[in-house]
Amino acid sequence: MRLGHPARAAIIGLALTLGAVACSMGGSTTASAPPSATAGGLEKTKIKIATLPAIDSAALYVAIDQKLFEKEGLEVTPQVVQAAPEAIPMLLNGEIDAMFGNYVSMFAAHDKGALKLRILAEGSRAAPDSLSIMALPDSPIKTAKDLEGKTINVNVLQNFQELALTQVLKANNVDPASIKYVQVTFQNIMPSWKSGQIDAAYLGEPMVTAATASMGARKILDPASGPAAEFPISGYVSTQEWYDKNPKVAAAFQRAIHNAAKLMENNREAVAKVLPTFTQIDAATAATVTFPYFSSNDNPVRLQRVADWMLEAKWLGKPIEVKTLMSPTTSG
């Protein structure tokens with residue numbers, strides 16, 4: 001699947017974080033459920049999903065655009081938020097049915113008891129070149145080893161960026177403990193980089209493409225390589241309580257997301273078409289950026305890697321058996 005890419009908030013006494021913070025509020029469209037929607041026995045036909053204005057959530061918009069939800073008897077309304085923690089109170093209060101967010105934040109919430117989690121469908125996985133550790137043209141940093149002792153930005157401390165890069169650094173004989181991470185917002189990455197406040201930039205698309213074209217930036221290391229290849233980033237989740245009340249809706253939603261991902265595998269245009277409707281990525285940029293992988297099936301082994309690395313990093317208080325949080329796969 002060679003397609004698509006990729007604030008802390010206190011909630012119920014837990015500070016949750018998001019690795020992929022959105023760029024801007026975007027427009028959304030909804031598919032109308034046919035009058036016979038209830039014929040399939042769905043518990044409800046209209047659902048609201050909190051989502052992010054980031055490439056990773058493109059499958060939801062492709063499913064709407066291609067009427068895949070409509071075929072399942074669902075009318076799905078996206079509700080854009082700037083960071084996943086914003087959506088958690090909405091989820092717990094029943095204002096939305098499900099949300100799109102990164103697994104590190106969701107597993108942390110589940111571990112602390114702030115959210116009894118149910119994973120409805122996998123969303124995005126890191127693809128080669130969709131993330132990059134980059135250096136400016138005149139930087140002395142030439143190899144991965146040169147990163148030792150250097151300062152690198154992350155969107156949020158102790159989230160998926162840091163988790164994946166730690167494993168890749170170890171695989172490249174670089175001491176992860178020597179890296180200093182600083183939290184830098186998206187809009188401040190370039191100024192911080194140019195002024196020397198960070199030594200190397202941790203970028204995702206479309207910033208990788210922009211930095212290469214406009215600044216002559218050089219790629220030093222791919223955080224989605226080696227042990228972090230196809231690292232799971234984000235997915236669609238609900239509460240266990242909501243899932244127990246709406247299992248048929250959950251299955252229909254999952255099928256539509258999986259079918260969207262299958263369609264996206266060999267149809268880059270389907271992704272590029274929807275990106276300008278919910279992100280700040282224009283049509284020209286959408287045609288050239290590297291997308292993450294979009295998951296057309298759910299894999300507990302793949303997701304277990306995230307929880308295991310979090311435990312290794314002492315970001316979890318106890319192990320999480322991810323397969324117990326996952327919905328049965330109903331797609332063919």
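This is a predicted model: local features need pLDDT of at least 70, side-chain atom pairs count only at pLDDT 80 or more; totals for chains, interfaces and linings use all residues.
1. A residue counts as buried when its relative accessible area is under 20%, and as exposed when that area is over 50%.

2. Start with helix H7, residues 207-215. Its buried residues are Met207, Val208, Ala211 and Met215. Look down the axis of H7: the buried residues fall within an arc of 105°, so they line one face of the helix. Ala213 and Ser214 are exposed on the other side of H7.

3. What do the buried residues of H7 pack against? Their partners are strand S7, helix H6 (186-194) and strand S10. Just after H7 comes glycine 216, with a positive phi of about 70°.

4. S7 and S10 also belong to a sheet. Three strands make up this open sheet, in the order S10-S7-S11, with antiparallel pairing. Strand S10 (201-204) and strand S11 (218-221) are the edge strands, and each pairs on one side only. From one strand to the next, the twist averages 50°.

5. Look at one pairing in this sheet. Strand S7 (residues 131-135) joins S10 in the antiparallel sense, over four bridges. Isoleucine 133 stands opposite tyrosine 202 in S10. Helix H5 (residues 160-171) packs on the sheet and touches S7, S10 and S11. The direction of H5 makes about 70° with that of S11.

6. Now the other open sheet. Six strands form it, in the order S4-S3-S5-S12-S6-S13, and the pairing is mixed.

7. Serine 124 stands opposite serine 234 in S12. Helix H1 (residues 58-65) lies across strand S3 (46-51), S4, S12 and S13. H1 runs at about 145° to S4.

8. Last, a helix pair. The axes of helix H4 (residues 103-112) and helix H12 (residues 300-312) come within 10 Å and cross at roughly 65°. The crossing is right-handed. Which residues of H4 and H12 make the contact? H4 brings Tyr103, Val104, Phe107 and Ala108; H12 brings Leu303, Val306, Ala307 and Met310. By type, the residues of this contact are eight nonpolar, no polar and no charged.

How values were computed. Residues are numbered from 1 along each chain as its sequence is written. Side-chain values use heavy atoms; hydrogens and water are left out. Two strands pair if DSSP finds at least two bridges between them. Helices (H or I, at least four residues) and strands (E, at least two) are DSSP runs, numbered from the N terminus. Contact means heavy atoms within 4.5 Å. Axes are lines fitted to C-alpha atoms, for helices over the stretch in contact, and angles run from 0 to 180 degrees between N-to-C directions. A crossing is left-handed if the near helix is turned anticlockwise from the far one by less than a right angle, and right-handed if clockwise. Ala, Val, Leu, Ile, Met, Phe, Trp, Tyr, Cys and Pro count as nonpolar, Asp, Glu, Lys and Arg as charged, and the others, Gly among them, as polar. Buried means under 20% relative accessible area, exposed over 50%, partly exposed in between (1.4 Å probe, protein chains only). The arc is that of the directions from the helix axis to the C-beta atoms.
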